[in-house]
Amino acid sequence: MLLPANATGNTELNLKGAWRLSRGNSWGLFSGIVARMLMPLVLVGLVFVGVILIPVAGSLYRAQWAAASALATCLWLIAWSIGTGFLSHPYRPLNRT
């Protein structure tokens, strides 16, 4: 709850204040979190499965899984940072009060 608030420039906000500001907006924040997680989940899953389905020799099987896992982790890190920025938008109107 504090990362989006900090992204809006409110660095003095603590957990209690963020909880107070989000009161009454739980469904909006919940749907934003779910929407933010669905696209990266599908994207990372498709990339992971796509890399795994590439035919390789038996000795490269473990390297293929390692590459797919590393790629999926990098995609998750990128998606997580972008998603934090998107979640800052619901806090902007709350921050003006």
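Leu77 sits in helix α4, where a helix is a DSSP run of H or I with at least four residues, strands are E runs of at least two, and both are numbered from the N terminus. At 59% relative accessibility, Leu77 counts as exposed; that word means over 50% relative accessible area, with buried under 20% and partly exposed in between, using a 1.4 Å probe and protein chains only. Pro40 lies 37 residues away from Leu77 along the chain, and their C-alpha atoms are 10.0 Å apart. The model is a predicted one, so local features need pLDDT of at least 70 and side-chain atom pairs pLDDT 80 or more, while totals for chains, interfaces and linings use all residues. Residues are numbered from 1 along each chain as its sequence is written, and side-chain values use heavy atoms, leaving out hydrogens and water.

As for the overall picture, the protein chain has five helices and zero strands. Of its 97 residues, 25% count as buried.

Pro40 turns up again in the second largest pocket, as one of the residues nearest its centre, together with Arg36, Met39, Ile82 and Phe86. The lining has 14 residues in total, and α3 (26-52) and α4 (61-87) are the elements that give two or more of them. A pocket here is an open set of points on a 1 Å grid over the protein atoms alone, with protein on both sides within 12 Å along at least five of seven lines; lining residues have an atom within 4 Å of a point.

Trp27 belongs to helix α3 and is exposed, with a relative accessible area of 68%.

Methods: 1 Å grid on protein atoms, 1.4 Å probe; cavity = no way out; pocket = protein on both sides within 12 Å on 5 of 7 lines; lining within 4 Å.
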